[in-house]
Structures are given as C-alpha cells and as structure tokens.
Amino acid sequence: MDTIGHFIGGKRVAGQSGRTADVFNPATGEASSTVALANGADLQAAVDAAREAQPKWAATNPQRRARVFFKFVELINTHMDELAALLSSEHGKTIEDSKGDIVRGMEVAEFVCGIPHLQKGEFTEGAGPGIDMYSMRQPLGIGAGITPFNFPAMIPMWMFAPAIAAGNAFILKPSERDPSVPMRLAELMMEAGLPAGILNVINGDKEAVDGILDHPDISGVSFVGSTPIARYVYGRAANNGKRVQTFGGAKNHMIVMPDADMAKAADALMGAGYGSAGERCMAISVAVPVGEETADRLVAALAPKIESLKIGPYTDPATDMGPVVTKAAQERINALVEKGIEQGAELVIDGRGFKLQGYENGYFVGGTLFDRVTPDMDIYREEIFGPVLSVVRAKTYEDAIDLPMKHEYGNGVAIFTRDGDAARDFASRINVGMVGINVPIPTPLAYHSFGGWKASSFGDLNQHGTDSIKFWTRTKTVTSRWPSGIKDGAEFSMPTMK
Ligand code: NAD
C-alpha cells in the first residue's frame with residue numbers, strides 16, 4: 001500500500017514523525033493507502049522552504065504571477081478525468097460531482113489571473129500641500145490553510161490561489177481523509193511554473209494544525225471545517241496574533257411557499273439534500289413548507305423520488321449519490337436518525353438499512369426523510385452531514401422565517417416562491433450569509449465572496465472574491481512630500497488639512 005508523505009520545497013517527501021493514518025475507499029470500506037501525519041519537524045521543513053522562496057516570489061511582477069495561474073487552469077483541464085477519479089476514490093462522491101468540486105476551485109484560480117488589477121493600491125495626488133498619498137497591498141508572508149474532507153479540490157484552491165497570487169508562500173494542511181488530490185494540485189502548480197517552496201502540503205491531524213496555529217513565522221490562517229474546530233482555530237490563531245478566518249458547520253433551511261412550483265421545489269430539494277450524500281456545507285437539511293397543504297404536497301412529491309434514488313459507488317455512472325466518508329460518519333448519522341425517532345419525529349423513509357450487493361462493507365446510508373420535526377429535536381439542532389432531510393411544518397411565512405433566524409448556524413438559506421415581495425423581504429431580513437431565491441444551493445461564484453453568518457463563520461473577511469485578496473494582503477499607506485513642499489521650522493501641533 002502506498003504511503004502519501006508531504007509536498008515540501010517543490011517535491012514529495014516522506015514524513016518524519018513515523019505516525020500514519022489509513023485512507024479508505026468509502027464505497028468498499030477498504031484502505032487504499034496510508035498518509036503520513038506531520039510533526040513539528042515536518043512543519044518546520046515546510047516553513048523553511050516557504051521562508052526562503054517567498055521574498056523572490058513577492059518581488060515577481062503580478063503579471064508573471066498571474067501567468068502561473070493561467071497555465072495551472074490549463075493543466076487542471078487536461079488532468080480533469082484523472083483528478084476526478086482520484087477524488088471520488090477517497091471521498092466517495094460521483095465523478096460528475098468531483099468534477100464540480102474541481103471546477104469550482106479552478107474558477108478561483110481563473111479569478112486570480114486578474115491579480116495585477118486586484119492587488120492595485122490607491123493614489124491621491126495633492127492630499128496636502130506638495131503631499132501625495134498612496135496605499136499598497138503587500139502579501140502577509142507565509143499563509144496556511146486547513147481544509148475539510150468534503151471538498152478536497154475546491155477549498156484548497158479557494159485558499160492557496162488568492163494567497164499565492166498575492167505574493168505569499170503557502171502551507172496547506174488538507175483533510176487526512178482524502179489527501180491525494182491536494183498533493184496532485186501542488187504538483188500541477190509546479191508544472192505550471194510556480195517556484196519550489198511557494199506551495200507546500202503538510203498532511204496530518206491535530207498535531208500539524210496546532211503547529212501551524214502556534215508557529216511564529218505563519219502570519220495568516222484560513223480554516224474550513226466543523227464549527228467546534230473552527231471556534232478553536234479562530235481563538236488560538238488570533239491569540240497568537242495571526243490574521244485568521246474560519247468557516248464552520250451549517251444547517252441550511254429551504255422555505256417552500258404555498259405558491260411555489262412544487263415539482264421544481266421537490267427536484268431542488270433532492271439535489272440539495274441528497275447530492276454528495278448530504279456532505280456539503282451548503283446542503284439543504286431542513287425543508288420548511290408553509291401551510292399544512294403545502295407540507296402534504298411536498299412530502300408526497302419527495303417520498304417516491306427518495307425511494308428511487310440510485311445509490312452506489314462512483315464507478316457506476318448511473319449513481320446519484322455515493323457513500324458517506326467514513327464508518328464513523330455512517331454510525332453517527334444512523335445514531336442521529338434513531339434519536340429523531342425517539343424524540344418523536346415521523347420517519348417517512350428510513351435509509352439506515354441500505355445494503356448494496358458487492359459493496360457490503362461500504363459506508364452507505366440510504367436517503368432518509370423525517371416529517372413533523374420540531375426545533376427542540378437533535379436532528380434539527382445538529383448538523384447531521386448525511387443524506388437526511390427534515391421537514392419542519394410552519395403555519396405562516398413569519399413562522400417559517402423565524403426558524404433559520406433563530407438557528408445557531410447561518411451559512412446558506414433558500415426560499416421557493418413566485419411572490420417577489422416575499423422573496424425580497426426574505427433576502428433583506430434573513431440573518432444568513434448566502435441566500436437563494438428559487439436556488440437551493442446559493443454558492444456564490446469566484447468573483448463574489450463566500451461565507452456564512454453566526455456559528456458558520458468567525459472573522460470578517462470571506463473566501464474568494466475581492467475579500468480573499470484583502471485577507472491575504474495587508475495595507476501600507478505612504479504619505480510623501482518632496483523638499484519643495486516642506487515648510488521651514490518645526491511643527492508641534494497635530495497636522496491637519498485646515
Ligand atoms: P473537521 O472539523 O473534522 O476537520 C477540518 C480540518 O480540521 C481537517 O483538516 C482536520 O484534520 C482538522 N482537525 C480535525 N480535528 C481537529 C482538532 N481537534 N484540532 C485541530 N484540527 C483538527 O471537518 P470535516 O469533517 O473534515 O468537514 C466537514 C465539516 O466542514 C462540516 O461541519 C461542514 O459543514 C464544514 N464545512 C464548512 C464549509 C464552509 O465554508 N462553511 C465548507 C465545507 C465544509
């Protein structure tokens with residue numbers, strides 16, 4: 001079995017810790033490789049490589065930095081099939097879904113091809129007598145990214161593309177569940193012309209993460225994962241004086257108004273609730289039909305669709321939805337479903353017993369639907385991160401909007417309606433970061449920014465879009481005057497523009 005090491009100084013290297021973890025194919029439940037778990041010495045090697053390479057990279061003009069990304073985008077397209085198969089084999093999602101994961105990351109690489117424009121500063125001529133004032137956006141130095149298992153291509157690219165384009169060196173700590181694609185992305189960046197040491201990949205677990213959070217030479221940290229770890233990373237990195245942004249879990253609601261096109265709303269819920277086996281931070285896990293009649297129609301439309309979901313391995317092109325990522329995830333989802341029953345929700349479709357011939361050890365969970373879920377239940381409060389959709393019936397629009405408003409998480413939300421007034425009111429009042437109007441998964445494109453509210457995100461700048469350039473750079477403002485503009489004599493009072 002292969003051992004995946006780290007990517008440091010432009011090449012693959014073995015780990016120094018002696019600790020490893022198994023990487024599984026979730027469809028078969030078999031280990032496909034082992035991955036090294038970094039210790040302080042591995043991290044230090046990455047920091048040393050980054051520190052040596054970064055000043056020269058930052059001094060490279062932005063058009064040349066951009067050209068690496070033009071080439072990288074081309075290489076991603078050439079290697080699309082290989083990357084998608086590798087991604088699916090460790091994550092379990094379908095090949096088409098893996099391609100979506102890769103393309104959504106690649107779009108951020110396309111966005112940063114505009115870095116010469118994106119990183120421009122501001123200039124004011126004549127801000128005072130003989131005084132010009134200008135600002136520059138300079139890289140932080142060494143940035144680090146800690147990423148989750150569910151988008152092993154997209155989220156690493158969301159982080160390293162803007163960081164590197166802006167002149168930083170970068171250390172990526174991907175999820176230890178699916179490390180192969182991040183390693184390949186680093187190789188493709190090298191092939192695209194990136195100097196060695198600018199993008200390093202450290203595989204590992206908590207030890208590697210803590211090392212990053214405490215390392216004095218790492219100036220910025222971006223994290224995506226579950227909320228408890230996001231909170232922890234935010235606190236520890238900020239306490240160490242780093243710039244930090246962390247993005248956490250979600251419980252995304254979709255409100256279905258009585259006037260909504262029910263067939264379209266049900267189709268939207270199928271994709272958003274069960275695509276990628278519900279393992280998306282923008283998955284819809286709560287449907288909120290308004291009125292009993294709407295609820296009855298919605299459940300009646302969903303049930304047969306869920307029963308006919310095609311669940312299988314990524315190698316079967318007819319598959320709608322693959323397994324969940326680990327045995328532990330499968331067991332946790334099944335236990336939450338049991339809790340839902342105990343706490344009084346109506347289990348309309350039970351996916352727990354799902355078995356597939358030839359894949360008996362795969363981590364499959366069948367599509368599951370609960371009706372009459374209430375806000376006090378664990379299946380409503382917790383992020384399940386599996387193919388389990390809860391229907392919470394609301395009497396009125398006000399009752400419906402109250403649910404996501406009061407929920408701990410605030411990542412994504414959607415409303416399905418034909419009523420423009422309701423949609424506009426919803427978009428304006430809702431306290432959630434990303435809103436869909438007749439769009440179930442409103443994930444913003446690369447040139448807008450991505451981020452939730454409340455316990456779904458800590459920090460003030462979002463991922464991609466112009467926020468990402470701001471995050472990975474700091475502003476320096478220069479006030480300049482030449483001898484002809486300088487008055488004789490010392491000035492002791494605060495200078496003003498009187
Ligand atoms: P996770 O929190 O378990 O792991 C995320 C990263 O943190 C991994 O790299 C992991 O190695 C590391 N980590 C895990 N435990 C740690 C610990 N105790 N100390 C330090 N580091 C630790 O998340 P996951 O299971 O890989 O991903 C799923 C979660 O990510 C879900 O909650 C999902 O909603 C969330 N997510 C959020 C977004 C978003 O943008 N808001 C996007 C994708 C996923």
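This is a predicted model: local features need pLDDT of at least 70, side-chain atom pairs count only at pLDDT 80 or more; totals for chains, interfaces and linings use all residues.
**Entry 1: a hairpin**

I began at Phe 123, which stands opposite Tyr 134 in E7. I number residues from 1 along each chain as its sequence is written, and my side-chain values use heavy atoms, with hydrogens and water left out.

Strands E6 (residues 122-128) and E7 (residues 131-139) run antiparallel and are joined by four bridges. Two strands pair if DSSP finds at least two bridges between them. Helices (H or I, at least four residues) and strands (E, at least two) are DSSP runs, numbered from the N terminus. E6 and E7 form a hairpin with two residues between them. In that turn I found Gly 130 with a positive phi of about 70 degrees.

**Entry 2: Asn 39**

Where does Asn 39 lie? I found Asn 39 in the loop between strand E5 (30-36) and helix H1 (40-58). Asn 39 is buried, with a relative accessible area of 17%. Buried means under 20% relative accessible area, exposed over 50%, and partly exposed in between (1.4 Å probe, protein chains only).

A polar atom of the Asn 39 side chain lies 3.1 Å from the backbone nitrogen of Ala 41. Leaving aside residues up to four places away in sequence, Asn 39 touches Gln 16, Ser 17 and Glu 207; contact means heavy atoms within 4.5 Å.

**Entry 3: cysteines**

How many disulfides are there? I counted zero, taking a disulfide as a pair of cysteine sulfur atoms within 2.5 Å. Cys 113 is buried at 13% relative accessible area, and Cys 281 counts as buried at 16%.

Next I looked for spaces on a 1 Å grid over the protein atoms alone: a cavity is a set of points where a 1.4 Å probe fits but cannot get out, and a pocket is an open set with protein on both sides within 12 Å along at least five of seven lines. Lining residues have an atom within 4 Å of a point. Grid points are joined across faces, edges and corners, and a volume is the space filled by probe spheres set on the points.

The largest pocket has a volume of about 970 Å³. Of its 36 lining residues, the closest to its centre are Pro 148, Phe 149, Gly 225, Ser 226 and Ile 229. Helix H9 (227-239) is among the elements that each supply at least two lining residues, and H9 gives the most, with four.

Terms used:
A polar contact is a pair of N or O atoms within 3.5 Å; within protein, one must be able to donate a hydrogen and the other to accept it, and residues adjacent in sequence count only if both atoms are side-chain atoms.
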